[in-house]
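Please find below a note on the model under review. The points follow the strands, the aromatic contacts and the surface in turn.

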Amino acid sequence: AKVPTFDLVTRFDLGGRLGNRLQPNPGGFAGHYWVATDHSDGPTRGHVYVLASVFPPGDDPLEIMFVRSTDGGQTFSPPVRVNDDPADTNAWQWFGTMSVAPNGRIDVVWNDSRATGEANLAELYYSFSEDAGVTWSENEALSAVWDSSLGWPVQRKIGDYYHMVSDRVGANLA
C-alpha cells in the first residue's frame, strides 16, 4: 500500500470551530468539514470550497460558514455565513452539507432550529450560490419540523452520514 503525501497545507478561518456542545446530537458531531472543487467548464473551474457548521464566538450556538479558494488552495477568502437568520436568534444550524453542480452552482443544506427555538426540533434548510459563494440565495425550509431526540436514550445521535450530489437542475440528498 502506498502512503499518501500532501504537498500543500493551507490554514483558513471559518469564523468558529468544529465541536459538539451536546445538543442537538449529544452522541455525535454537529457537523464536518465539506470540501468540494468546481469541475464546471466556466470561469470558476478549479475553485476549492470548504463548508462547515461551526461554533462562532459569542452566544449563538452554530452557524453554517463557507470559504473559497480561487488559486487552487493557496489562499482562502474570509468566511461567509450561509444561514440568513438574525445572528442573535440562538438557533442551531447543524450538519451543513455541500455539493457543486456541473454548471458551478453550489448547493448547501443543513438542519435548522430557527423556527422552534429548541435545539432538537429542526427543519432541513437549503441555499445555493451561483457566484462561487460570494452571495447566497434566501434560505428555504424544505421539510417539516422533526425531532432529533427520537430514539433516545438508546440512540443518542443522528448518524454522521448526510451526502449530496448536485446536477444541473437541483441537488439530491441522502
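1. Strands β6 and β7 (residues 121-129) pair in the antiparallel sense over 7 bridges. Within this pairing, I106 has S129 of β7 as its bridge partner. Strands here are DSSP runs of E with at least two residues, numbered from the N terminus, and two strands pair if DSSP finds at least two bridges between them.

2. On the basis of the coordinates: this is a predicted model, in which local features need pLDDT of at least 70 and side-chain atom pairs count only at pLDDT 80 or more, while totals for chains, interfaces and linings use all residues. Residues are numbered from 1 along each chain as its sequence is written, and side-chain values use heavy atoms, with hydrogens and water left out.

3. Strand β6 also pairs with strand β5 (residues 93-100), again in the antiparallel sense, over 6 bridges. In this pairing S99 stands opposite D107 of β6. The two strands form a hairpin with 5 residues between them, and G104 in the turn has a positive phi of about 95°.

4. How many residues of strand β6 (residues 106-112) are buried? The count is 7 of 7, where buried means under 20% relative accessible area, exposed over 50% and partly exposed in between (1.4 Å probe, protein chains only). In a regular strand the side chains alternate between the two faces of the sheet. In β6, I106, V108, W110 and D112 point one way, whereas D107, V109 and N111 point the other way.

5. Strand β1 (residues 34-37) is joined to strand β2 (residues 48-54) by 4 bridges, and T37 has V48 as its bridge partner in β2.

6. The structure holds 10 aromatic pairs. Rings of Phe, Tyr and Trp (its six-membered ring) pair if their centres lie within 6.5 Å; planes under 30 degrees apart count as stacked, over 60 as edge-to-face and the rest as tilted. One of the pairs is F12 with F76, whose centres are 4.9 Å apart and whose planes are at 45°, so this pair is tilted. Because F12 lies in the segment before β1 and F76 in the loop between β3 (63-69) and β4 (80-81), the contact ties together parts that are 64 residues apart in sequence.

7. The rings of F66 and W136 form an edge-to-face pair, because their planes are at 75°, with the centres 5.1 Å apart. F66 belongs to strand β3 and W136 to the loop between β7 and β8 (140-141), so parts 70 residues apart in sequence are tied together. Both count as buried: F66 at 0% relative accessibility and W136 at 15%.

8. W94, F95, W146 and Y162 form one aromatic cluster. Separately, R114 lies over the face of Y125, at 4.2 Å from the ring centre; the criterion is NZ of Lys or CZ of Arg within 6 Å of the ring centre and within 35 degrees of the ring normal.
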